Amino acid sequence: MSSPDPQVRAARNHTTGPAGRGPVVAVTGAATGVGALLTERLAASDEIGRVIALDERRGECAAAEWHVLDIRDPAVAEKLRGADVVVHLALDLDLETDAAARTAYNVRGTQTVLTAAAAAGVHRAVLCTSAMVYGALPDNELPLSEDAELRATAEATGMGDLLEIERLARRAPRAHPGLNVTVVRPAVLVGGTDTALTRYFESPRLLVVAGSRPAWQFCHVEDLCGALEYAVLEKADGELAVGCDGWLEQEEVEELSGIRRMELPSAVALGAAARLHRIGLTPSPAGDLAYTMYPWVVSGSRLHDAGWRPRWTNEEVLAALLEEVSGRHTVAGRRLGRKDATAAGAAGATVALLGAAAVVRRARKARRR
């Protein structure tokens, strides 16, 4: 592992918890998901002085100091006193959550945590968004650098919230002098997660839009926690992209998964996806489909330069994902029971079914002319 530069090393030496063991770290969203995994990891680390865990319910990590509250409550500032670093992981990106309620929780929560951190004298905040903020576009470089422009739009699930969090992160050092902000952006996150991209692999066929060139890069939650720990210890800072090394082409994904494709014209796939979401039949807006069409692979160069390496490969994470979703049945992002999935048949996602029907109807009309 390479040593950090003198400025980072000095900051780390200044940031110590009890008996000089290491920084005192607060984690929001500490009871579940990535927050729970990170809390356990930090509590077990000799480089961490103490862990303060904040959530709406108490989690299982007995070694952490727990505070039960809504992270939108200004009382968070009192709970953060004595902390050197706060890692904000209390985000709601659930596909089934009402969009307005989700935004109110995510944006207000981040605003509150950043303001509370500054008021409590916390010197560093670590936020977690997604590499999706770079956007999935046909002219994206492979891979993208951390400094690449954020070209995503608010059309995908929760993307408006993530872009607003990115904006808050950029503003925070000016609004709160003395508070440094690190943003960690994982690739397709796997390991107890449920997103439009993980549900893509629950369908009996992989929807492929004609003319697109997908490039799949995954990030296991264990690797994300490792990257977050690097940020906590100030071994790396700034904007940090994290994922497995390299990427998989669509053909490789199909070969490794054993799931065949259903290919549709772009207008058919996007139009059907938009209609289904608009009438409430599917949780995913059409914007999610772009991330299965075009590349948004990241280099992770800043973490690599700091000595971090992923423990998982793309092939291993895909295998873990397929094992995790085994037995689940999803049609156009909507979960079905086994009986319903059988009724849907092996034709694939609802988008594919409606799209194929549209193609057939057009072909029949053409033949009648």
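Modeller: Contact here means heavy atoms within 4.5 Å. Keep in mind that this is a predicted model.

Colleague: Which residues of α5 do R102, T103, N106, V107, T110, Q111 and L114 in α4 meet?

Modeller: The α4 side of the contact runs through those residues, from R102 to L114. Their partners in α5 are D161, E164, I165, L168 and A172.

Colleague: How do the residues of that contact divide into nonpolar, polar and charged?

Modeller: Both helices contribute to the contact, with V107 and L114 among the residues in α4 and I165 and L168 among those in α5. The division is five nonpolar, four polar and three charged.

Colleague: Are α4 and α5 roughly parallel or roughly antiparallel?

Modeller: Helix α4 covers residues 99-120 and helix α5 residues 159-175. Their axes come within 10 Å and cross at roughly 15°. Angles under 35 degrees count as roughly parallel. So α4 and α5 are roughly parallel.

Colleague: What is the handedness of the crossing of α4 and α5?

Modeller: The axes cross at roughly 15°. The crossing of α4 and α5 is right-handed.

Colleague: Now the cysteines. How many disulfides does the structure hold?

Modeller: A disulfide needs two cysteine sulfur atoms within 2.5 Å. For C128 the closest cysteine sulfur, in C219, is 8.3 Å away, so it is too far for a bond. For C219 the closest is in C244, at 6.6 Å, also too far. The number of disulfides is zero.

Colleague: Is C219 buried or exposed?

Modeller: Buried means under 20% relative accessible area. C128 has 9% and is buried. C219 has 0%, so C219 is buried.

Key. Residues are numbered from 1 along each chain as its sequence is written. This is a predicted model: local features need pLDDT of at least 70, side-chain atom pairs count only at pLDDT 80 or more; totals for chains, interfaces and linings use all residues. Side-chain values use heavy atoms; hydrogens and water are left out. Buried means under 20% relative accessible area, exposed over 50%, partly exposed in between (1.4 Å probe, protein chains only). Axes are lines fitted to C-alpha atoms, for helices over the stretch in contact, and angles run from 0 to 180 degrees between N-to-C directions. Helices (H or I, at least four residues) and strands (E, at least two) are DSSP runs, numbered from the N terminus. Angles under 35 degrees count as roughly parallel, over 145 as roughly antiparallel, 65 to 115 as roughly perpendicular and the rest as oblique. A crossing is left-handed if the near helix is turned anticlockwise from the far one by less than a right angle, and right-handed if clockwise. Ala, Val, Leu, Ile, Met, Phe, Trp, Tyr, Cys and Pro count as nonpolar, Asp, Glu, Lys and Arg as charged, and the others, Gly among them, as polar.
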